[in-house]
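Below is a short report on helix packing, domain contact and the ligand shell. Please read it alongside the sequence and the model.

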Amino acid sequence: MYDALKPILEAELAAAKENGTYKVERVLESKQGREIVVAGKKLLNFCANNYLGFSGTELLEGPSDETIRKWGFGLASVRFICGTQTLHKDLEAATAAFLRTEDAVTYSSCFMANVGLFQTFFGEGDAIITDELNHASIIDAIRLSKAERHIFKHMDMADLEEKLKLVKDKRLKVIATDGVFSMDGDVAPLAEICELADKYHALVMIDDAHATGVMGGSGRGTHEHCGVMDRVDFITGTYGKALGGAGGAFNATRKEAADYLRNRSRTYLFSNALDTGIAGVSIFVLDYVQKHPEVRERLWDNTKYFRELMAQNGFKVTDAQHPITPIMLGDEKKAVDMAKALFDEGIYVIGFAYPVVPKGKARIRVQISAAHTKEDIQRAVEKFTSVGKKFGVV
Ligand SMILES: Cc1ncc(COP(=O)(O)O)c(C=O)c1O
């Protein structure tokens, strides 16, 4: 019966090409890193979530090889049957210790960690209050729960309070927010969110995918950055961005909540154990970031340097507190065409236009890494400036 589906797909794909939402994957012919090869061309890479610069480096190859030699490649089992090795317990303990939570439960991805959260704890008679710009995985995860859903305006605490008032009589209430929002690098006001949570007796969930290893005085995440270390109930995050880049994720939470996840969370129970290699490397990386604060310091130096140079050259740079640096252009076509021109000049960045970001807020998103050198950043700014002049941006 593919005959029935084929014309629908053809029409949808043609429409996506027409309205500019069709995605073409650029194929890397190299490892991930500050420099990559695409279509035979060397590019400086400014669009990976490789904030600490570990992805693709030799630093992780030894721990990966050693882990696979010792523990094997994979387990062919879910955790509760015969897929839990000492390694997984060690990773969960290391993750909880790093994030300063009581426990942590691993998942194959952060998408799965989010999907496995809301439906497990919240159902009929409960309410989930969610930021309008939360990641797609939170949006989809909430849809799977039978709890009532209320959406508050992006980081708008007055609106959040209104929504909390509406649900004050529910059995359980949970506020869900990204710790750092990936389009703008803006940081959720967790101190205020926790105050409101206390006032209205709500739980707090954050998705720290872009923050673990990056935010806070010692890289523990947004809860550290905002000074609310013991006030967040669920922290989902990933080993697949700053902490190495391969994948794997966690939900770091309270003792009973972790126990309950291991018993009831469907994306944990009915999905294979986290890859052995990722588990071993993640243990190594969590230890490494604590012993080498200079890596995070380099990331912040680079971020500051890039933002300053761009502003000096006349670009509109928001003052967010994260290595995600959106260069605001407004015009949709300009953002996409300028990113392409930068690609031709050897700088790999991505232009985001509607519907990924609101109309009129098109931008090029730059992601800085600790792996970048000062020369890389100078070169990127030079190219931004020459291309920006051609496009009448500066
Ligand atoms: C905020 C946020 N949450 C969750 C995810 C999903 O993470 P994973 O790739 O581990 O499924 C992402 C990935 O882009 C993300 O940016």
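In this predicted model, Met-157, Leu-160, Glu-161 and Leu-164 of helix 7 meet Glu-192, Leu-196 and Tyr-200 of helix 8. Two residues are in contact here if their C-beta atoms, placed from the backbone, lie within 7 Å. Helices (H or I, at least four residues) and strands (E, at least two) are DSSP runs, numbered from the N terminus. By class, the contact of helix 7 with helix 8 has five nonpolar, no polar and two charged residues. Ala, Val, Leu, Ile, Met, Phe, Trp, Tyr, Cys and Pro count as nonpolar, Asp, Glu, Lys and Arg as charged, and the others, Gly among them, as polar.

Residues are numbered from 1 along each chain as its sequence is written. Local features need pLDDT of at least 70 and side-chain atom pairs count only at pLDDT 80 or more, whereas totals for chains, interfaces and linings use all residues.

Two packed helices are described by the angle between their axes and the distance between the axes. Axes are lines fitted to C-alpha atoms, for helices over the stretch in contact, and angles run from 0 to 180 degrees between N-to-C directions.

| Helix pair | Axes come within | Crossing angle |
|---|---|---|
| Helix 7 (residues 157-166) and helix 8 (residues 190-200) | 11 Å | roughly 20 degrees |
| Helix 14 (residues 332-344) and helix 15 (residues 374-390) | 10 Å | roughly 130 degrees |

Angles under 35 degrees count as roughly parallel, over 145 as roughly antiparallel, 65 to 115 as roughly perpendicular and the rest as oblique. With its crossing at roughly 130 degrees, helix 14 is oblique to helix 15. On the helix 14 side the contact is made by Met-338, Ala-341 and Leu-342, and on the helix 15 side by Lys-383, Phe-384 and Val-387. These residues divide into five nonpolar, no polar and one charged.

The chain is divided into domain 1 (18-47 + 293-390) and domain 2 (58-291), with bounds from an automatic or database domain assignment. Their contact takes 16 residues from domain 1 and 13 residues from domain 2. Helix 13 (293-312) and strand 10 (324-330) each supply at least two residues of the domain 1 side. The largest share of that side, four residues, comes from helix 13. The C-alpha centres of the two domains lie 27 Å apart.

The ligand is surrounded by 14 residues, the closest being Ser-109, Cys-110, Phe-111, His-135 and Ala-209. The shell comprises four nonpolar, eight polar and two charged residues.

How values were computed
A residue is near a molecule or strand if its C-beta atom, placed from the backbone, lies within 6 Å of it.
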